[in-house]
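Thank you all for coming. Please take a moment to look over the sequence and the fold on the screen, and then I will talk you through them.

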Amino acid sequence: MRITATITPVHGNNTVCRHPLTPAGKPKDPRSGCTGRSGYIARCSACTWRRTGKSMTELEEPRDAHLRSHLPAPVPAAG
């Protein structure tokens with residue numbers, strides 16, 4: 001099983017936002033019902049870990065650190 005941790009853009013109510021936005025973060029189509037992105041959620045596919053943040057950049061390091069926590073422990077060298 002491959003473990004992933006995705007970072008997803010969300011609206012203020014934490015629903016996924018896949019709408020096209022202007023550079024200012026507002027919806028390009030005002031009739032889309034999109035309220036704009038309020039932040040991002042990072043989630044792990046293998047456990048209940050999740051973090052929220054205002055930008056993708058601030059979630060990248062915590063995500064990477066969490067994924068490393070799923071790596072198997074190194075086998076001690078026989079000595």
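Is Cys44 buried or exposed? Before I answer, please keep in mind that this is a predicted model. Cys44 counts as buried, because its relative accessibility is 9%, and a residue is called buried when that value is under 20%.

As a reminder, a disulfide is a covalent bond between the sulfur atoms of two cysteines. To count one here, the two sulfur atoms must lie within 2.5 Å, and by this rule the model has zero disulfides. For Cys34, the closest cysteine sulfur belongs to Cys17 and is 3.7 Å away, which is too far for a bond. Cys44 is likewise in no disulfide, since the nearest cysteine sulfur, that of Cys47, is 3.7 Å away from it. Cys34 also counts as buried, with a relative accessibility of 8%.

Let us turn to the sheet, which is open and built from three strands in the order β1-β2-β3, with antiparallel pairing. Because β1 and β3, the latter covering residues 50-53, stand at the edges with a single partner strand each, one side of each has no neighbour in the sheet. From one strand to the next, the twist averages 20 degrees.

Strand β1, residues 5-10, is mostly covered, with five of its six residues buried. It pairs with β2, residues 39-44, over six bridges, and in that pairing Ile7 stands opposite Ala42. Between β2 and β3 there are four bridges, and Tyr40 has Gly53 in β3 as its bridge partner. Finally, helix α1, residues 56-69, packs on the sheet and touches β1, β2 and β3, while its direction makes about 155 degrees with that of β1.

Methods. Residues are numbered from 1 along each chain as its sequence is written. This is a predicted model: local features need pLDDT of at least 70, side-chain atom pairs count only at pLDDT 80 or more; totals for chains, interfaces and linings use all residues. Side-chain values use heavy atoms; hydrogens and water are left out. Buried means under 20% relative accessible area, exposed over 50%, partly exposed in between (1.4 Å probe, protein chains only). Helices (H or I, at least four residues) and strands (E, at least two) are DSSP runs, numbered from the N terminus. Two strands pair if DSSP finds at least two bridges between them. Axes are lines fitted to C-alpha atoms, for helices over the stretch in contact, and angles run from 0 to 180 degrees between N-to-C directions. Contact means heavy atoms within 4.5 Å.
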